[in-house]
Amino acid sequence: MKSKYHRWFQRIAIPFVALAYHIYYGFTVKGRENIPAGGCVVCPNHCQLSDPPLAASALGGKVPLRLMAKKELFQKGLLGPLITWLGAFPIDRGGADITAIKTALNTVKQGQKLIIFPQGTRDAAEGETKKGAAMLAVKTRAPILPMYISEGKGRRCHATVVIGKPFLPDPKEKDYAVIADDILRRIYALKDTI
């Protein structure tokens with residue numbers, strides 16, 4: 001049986017995940033007032049396994065959200081159905097995954113928040129970006145919401161998530177790499193506000 005996204009499950013689970021992270025990390029969120037109404041492309045940095053649930057927790061359980069995740073995560077026993085129920089959908093990072101791109105475009109057009117990590121992986125070199133977030137923002141004409149998640153997180157480290165001001169990419173810019181680099185620059189500029 002194929003799993004599917006359950007908004008009701010997400011609405012219940014995210015506050016519990018946020019509480020668990022608050023107890024474990026002592027995490028705080030700055031800039032929630034910057035979350036725009038309607039659909040947007042949420043772009044956090046990605047350096048640890050805890051970043052996707054931290055990003056979702058920072059947005060709160062009140063807004064419907066979806067998250068792109070590598071397809072390999074959906075092949076790991078109960079993890080696959082669990083993250084699907086929470087709003088994740090798989091992407092094949094090895095090529096152009098048309099199904100994932102259509103799901104992402106529809107998510108934003110339906111007014112939901114789409115979490116996508118512009119670096120594509122935790123192992124990306126500093127300054128290395130993928131063009132997916134930029135392409136999705138341009139195609140949907142949706143705002144990009146930069147988000148910085150503190151690095152080097154550990155028990156009781158007082159992790160911080162900073163949500164920046166949303167912005168629209170320059171519609172005249174046709175080079176997605178330029179927009180992707182701008183997204184990453186804006187994400188890491190938020191580090192200075194901690």
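Q: What is the relative accessible area of Lys 191?
A: The model is predicted, with local features needing pLDDT of at least 70 and side-chain atom pairs pLDDT 80 or more, while totals for chains, interfaces and linings use all residues. Residues are numbered from 1 along each chain as its sequence is written, and side-chain values use heavy atoms, without hydrogens and water. Lys 191 is partly exposed, a class between buried (under 20%) and exposed (over 50%; 1.4 Å probe, protein chains only). Its relative accessible area is 42%.

Q: Which residue meets the side chain of Lys 191 in a salt bridge?
A: A salt bridge places a side-chain nitrogen of Lys or Arg within 4 Å of a carboxyl oxygen of Asp or Glu. Lys 191 lies in the segment after helix H6 (176-189), and its partner in the loop between strands S6 (144-149) and S7 (160-163), so the pair ties together parts 40 residues apart in sequence; helices (H or I, at least four residues) and strands (E, at least two) are DSSP runs numbered from the N terminus. At 3.7 Å, N to O, the partner is Glu 151.

Q: How many salt bridges does the structure hold?
A: Asp 182, Arg 185 and Arg 186 are linked in a network, and Glu 151 pairs with Lys 191. The number of salt bridges in the structure is 4.
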